[in-house]
Amino acid sequence: MNAQAERRQRGGEVGVRALEAWTGLQEHCRAVEPLHLRQLFADDPKRGERLALEAAGLYLDYSKNRITDETLRLLLRLAEQRGLPARIEAMFRGEHINVSERRAVLHTALRAPKNERVVTDGTDVVPEVQAVLERMARFAEQVRSGQWLGHTGKRIRNVISIGIGGSDLGPVMAYEALRFYGERTMTFRFVSNVDGTDFIEATRDLAPDETLFIICSKTFKTLETLTNAHAARDWSLRTLRDERAVARHFVAVSTNAEGVAQFGIDTANMFEFWDWVGGRYSMDSAIGLSTMIAIGPQQFRDMLAGFHAMDQHFRTAPLAQNMPAIMGLLAVWNSNFLGASTVAVLPYEQYLKRFPAYLQQLTMESNGKHVTGGGERVDYDTGPIYWGEPGTNGQHSFYQLIHQGTRLIPCDFIGFCQTLNPLGPQHDLLIANVFAQSEALAFGKSEQEVKAEGTPDWLVPHRICEGNRPSNTILAERLTPATLGTLVALYEHSVFTQGVMWDIDSFDQWGVELGKQLAARTAPELESVAEPKLAHDSSTNALIRRYRRLKGTGAGARA
Ligand code: F6P
């Protein structure tokens, strides 16, 4: 029995749960549970303005959370006891805080200004970052201006970014989010799924001699990406019929120059990044090349400036005024003390339609961990499930459960005061819905109110909305490249804060490896003509046999 198990058997808590602030929060939670947001707002007419923060152009109203001043005091105490300020500094200073991979975590260096020094392992990484940004800018301008020609001398009109996970979700999300600012004469597509449909549909109406592929893979080993990259190469060469065409139609973004060369892409056409950039933290590295081609280098720099503004705030603001820290602490409160197991992210901005999907990787690959940094099994919940859809669509689908279901689902509402596409009364209607939803969730509709509307008695229970359902509202002036950077950095640092509270490594992702290994073992069993000897469990064996039979290769397929 290890020391942790022994202590637990003796009845003592270990680690995070032993902290005085944690036990204080548990105790305090009993006092908060019976409180209703209606009462909390009635008792403090200024609550809505008091429990709000402004940073780097974002406004966070967190007053509609089920918290009191004492909750905040204890959460801030927890942050102190968990050493959050020192952990923030350790990250920014390039210490190896990704303990299981023994790496620094320096996505913040990707957006550091040119004159800043960020040293890790004895090297100032800022000049390297800036050099890659300049190469990206030169290339992006060449493609945008038509100087970069395809193999047959035609200008590039289509860009297809191939990648998966962090090498895809950021670029797709940013492309969609910043479409308003993008080059409309060009077509941008993204291929990630190893399902052939993804590639076929992305290319079916495009001409290979006008199409540039950006192969994005940190490791350049990912099965899906390499399979799609080979499909892209075949597709191009089927028409272009000359190996030399690869040099004009393929570029790579990777940390693995050898892998890129082996694939057949000249490393002169490779844009580099570094092992201290995690995949899900890489949309502002060269992985964002498609974004830069779409919006141009200057607007890409504006986006980096937005990220940096939030980085600076996170690094320097006192915890009580620190927006990502407060958001992260509230997430811990909702999840570990109020028992919420999910968070709904609800952007009221059509351009942010892929933002929830992007956040799913950022939050769940980062904080879906079951052991501490030191390798001990945690005995508390870690990362909640993030999900969402743009408003108002979700209102006519899953909001019912948020309003009247039996589960507590904290919501993040995201809205902008100015629309990019004015159209009659639409923007006011959109934003009225943001405010109405958070109001309805917080305050609900009481029995008395329902009855006062003349509702027949039998219908009253159905119409009651209990309220007391927590939400954050994030408001910004307008969706711009800079605002997007600020918003993403806000969530990155909130995720980091949560990881520090839970004492986990938010920067590894060992859990995804097992499935990859098993798929590598299973693929040949599906492909082989000879009946394979199967040694899986009886369920997997039966599924494989059935698949082989129906696809036409298995035993008895032609019987
Ligand atoms: O399988 C998960 C993962 O490793 C992610 O963390 C990463 O973003 C993605 O795969 C893609 O990896 P790569 O960029 O190396 O192809």
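**Exercise 1.** By class, which residues make up the lining of the second largest cavity?

*Solution.* First, the ground rules: this is a predicted model, where local features need pLDDT of at least 70, side-chain atom pairs count only at pLDDT 80 or more, and totals for chains, interfaces and linings use all residues. Numbering runs from 1 along each chain as its sequence is written, and side-chain values use heavy atoms, with hydrogens and water left out.

Next, the term: on a 1 Å grid over the protein atoms alone, a cavity is a set of points where a 1.4 Å probe fits but cannot get out, and lining residues have an atom within 4 Å of a point. The lining here includes Leu110, Glu272, Trp274 and Asp284. Sorting by class gives seven nonpolar, one polar and two charged residues.

**Exercise 2.** Work out what lines the largest cavity.

*Solution.* Start with the space: about 100 Å³. Then take the 15 lining residues; Met327, Ala331, Val343, Asp412 and Asn472 lie nearest the centre. Sort them: eight nonpolar, six polar and one charged. Finally, α15 supplies the largest share, four residues.

**Exercise 3.** Find polar contacts (pairs of N or O atoms within 3.5 Å) made by the ligand.

*Solution.* Begin with the backbone: a polar atom of Gly166 sits 2.7 Å from a ligand oxygen. Move to side chains: an N or O atom of Thr219 is 2.6 Å from an oxygen of the ligand, and a polar atom of Glu365 is 2.7 Å from a ligand oxygen.

Definitions and conventions
A polar contact is a pair of N or O atoms within 3.5 Å; within protein, one must be able to donate a hydrogen and the other to accept it, and residues adjacent in sequence count only if both atoms are side-chain atoms. On a 1 Å grid over the protein atoms alone, a cavity is a set of points where a 1.4 Å probe fits but cannot get out, and a pocket is an open set with protein on both sides within 12 Å along at least five of seven lines; lining residues have an atom within 4 Å of a point. Grid points are joined across faces, edges and corners, and a volume is the space filled by probe spheres set on the points. Helices (H or I, at least four residues) and strands (E, at least two) are DSSP runs, numbered from the N terminus. Ala, Val, Leu, Ile, Met, Phe, Trp, Tyr, Cys and Pro count as nonpolar, Asp, Glu, Lys and Arg as charged, and the others, Gly among them, as polar.
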